[in-house]
Amino acid sequence: MSKFSGEDHRLAENEATWIDQAAGTPLQELSADALRVLASWYFDWQKRHAYTAKYYQQYGEGGRAVFVAERLAILAAVMGEEAFGALATAKHTEWVQACARTDAALRALAPCVTCGRSPDLWAEMDKSPLCGKCRSGKREDDEDDDWLL
Ligand SMILES: [Zn+2]
């Protein structure tokens, strides 16, 4: 099955509602603005997904993540490298800034009483003195978060 099948190049039902166009419209016929709205939606979804994984250690919706990545690849092809690249850069900057804000908020919290690591956002919500890893007893085998970027 090719991920670039003809059907994939048409506007899906849910996508149609984001840009107020008819479902089934070929993506190639959409305006640059409409394409940017679609791609932004998927970038934002990726960002929420990565944020949840990074700060809440919740790794769900793997199938949806694959779908979103494929949809972005199609939109990249339709939009062209320049327009898509500019949006990708802007979205990446948003992501870096969101992480920086959250990291700063986390640094303001007291470190975990067991391991001294920065607590996670769950600890903040629970008012727990332990980081998520100590609370769950998990080993620290997922230090490298680079794949999120
Ligand atoms: Zn800890």
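What follows is a working chat about a predicted model and the packing of its helices.

Trainee: OK, how many helices and strands are there in the chain?

Mentor: There are 6 helices and 0 strands. Since this is a predicted model, take everything here as computed from it. Read from the N terminus, the elements go α-α-α-α-α-α.

Trainee: And what share of the chain is buried?

Mentor: Buried residues make up 13% of the 149 residues. As for contacts with a separation of 6 or more, 39% of them join residues 24 or more positions apart.

Trainee: Let's go to H3. How far does H3 reach from its first C-alpha to its last?

Mentor: H3 covers residues 62-79, which is 18 residues, and it reaches 25 Å, close to the 26 Å expected at 1.5 Å a residue.

Trainee: Which residues of H3 are buried?

Mentor: Arg71, Leu72, Leu75 and Met79. Looking down the axis of H3, the buried residues fall within an arc of 105 degrees, so they line one face of the helix.

Trainee: Why would residues three or four places apart point the same way?

Mentor: Because an α-helix has 3.6 residues a turn.

Trainee: Then what's on the face of H3 turned away from the buried side?

Mentor: That face carries the exposed residues Gly62, Gly63, Val66 and Ala69.

Trainee: Which helices do the buried residues of H3 pack against?

Mentor: They pack against H2 (32-56) and H4 (81-107).

Trainee: Take H2 and H3. At what angle do they pack?

Mentor: About 150 degrees, and their axes are 10 Å apart. H2 and H3 are therefore roughly antiparallel to each other, and the crossing is left-handed.

Trainee: Which residues meet there?

Mentor: On the H2 side, Leu35, Leu38, Ala39, Tyr42, Trp45, Gln46 and His49; on the H3 side, Ala65, Val68, Arg71, Leu72, Leu75, Val78 and Met79. Looking back at the buried set of H3, Arg71, Leu72, Leu75 and Met79 are among the residues meeting H2.

Trainee: Now H2 and H4. How do their axes cross?

Mentor: They cross at roughly 30 degrees and come within 10 Å. That makes H2 roughly parallel to H4, and H2 passes H4 in a right-handed crossing. From H2 the contact uses Ala32, Arg36, Ala39, Ser40, Phe43, Lys47, Tyr51 and Tyr55, and from H4 it uses Ala83, Phe84, Leu87, Lys91, Glu94, Trp95, Ala98 and Thr102.

Trainee: What about H2 itself, which residues are buried there?

Mentor: Leu35, Arg36, Leu38, Ala39, Phe43 and Tyr55. H2 has 25 residues and reaches 35 Å, close to the 36 Å expected at 1.5 Å a residue. Just after H2, Gln57 has a positive phi of about 50 degrees.

Trainee: Where else is phi positive in a residue other than glycine?

Mentor: One of those places is Asp20, with phi near 55 degrees. Most residues other than glycine have a negative phi. Asp20 lies in the loop between H1 (13-19) and H2.

Trainee: Is Asp20 buried or exposed?

Mentor: Exposed, because Asp20 has 8 C-beta neighbours inside 10 Å, and the exposed class goes up to 12.

Trainee: Last one: is Val96 buried or exposed?

Mentor: Val96 is in H4 and counts as exposed, because it has 11 C-beta neighbours inside 10 Å. Val96 and Lys47 are 49 residues apart in sequence, with their C-alpha atoms 10.0 Å apart in space.

How values were computed:
Residues are numbered from 1 along each chain as its sequence is written. This is a predicted model: local features need pLDDT of at least 70, side-chain atom pairs count only at pLDDT 80 or more; totals for chains, interfaces and linings use all residues. Helices (H or I, at least four residues) and strands (E, at least two) are DSSP runs, numbered from the N terminus. The expected span of a helix is 1.5 Å times one less than its number of residues. A residue is buried if 20 or more other C-beta atoms lie within 10 Å of its own, exposed if 12 or fewer, and partly exposed in between; C-beta atoms are placed from the backbone. The arc is that of the directions from the helix axis to the C-beta atoms. Two residues are in contact if their C-beta atoms, placed from the backbone, lie within 7 Å. Axes are lines fitted to C-alpha atoms, for helices over the stretch in contact, and angles run from 0 to 180 degrees between N-to-C directions. Angles under 35 degrees count as roughly parallel, over 145 as roughly antiparallel, 65 to 115 as roughly perpendicular and the rest as oblique. A crossing is left-handed if the near helix is turned anticlockwise from the far one by less than a right angle, and right-handed if clockwise.
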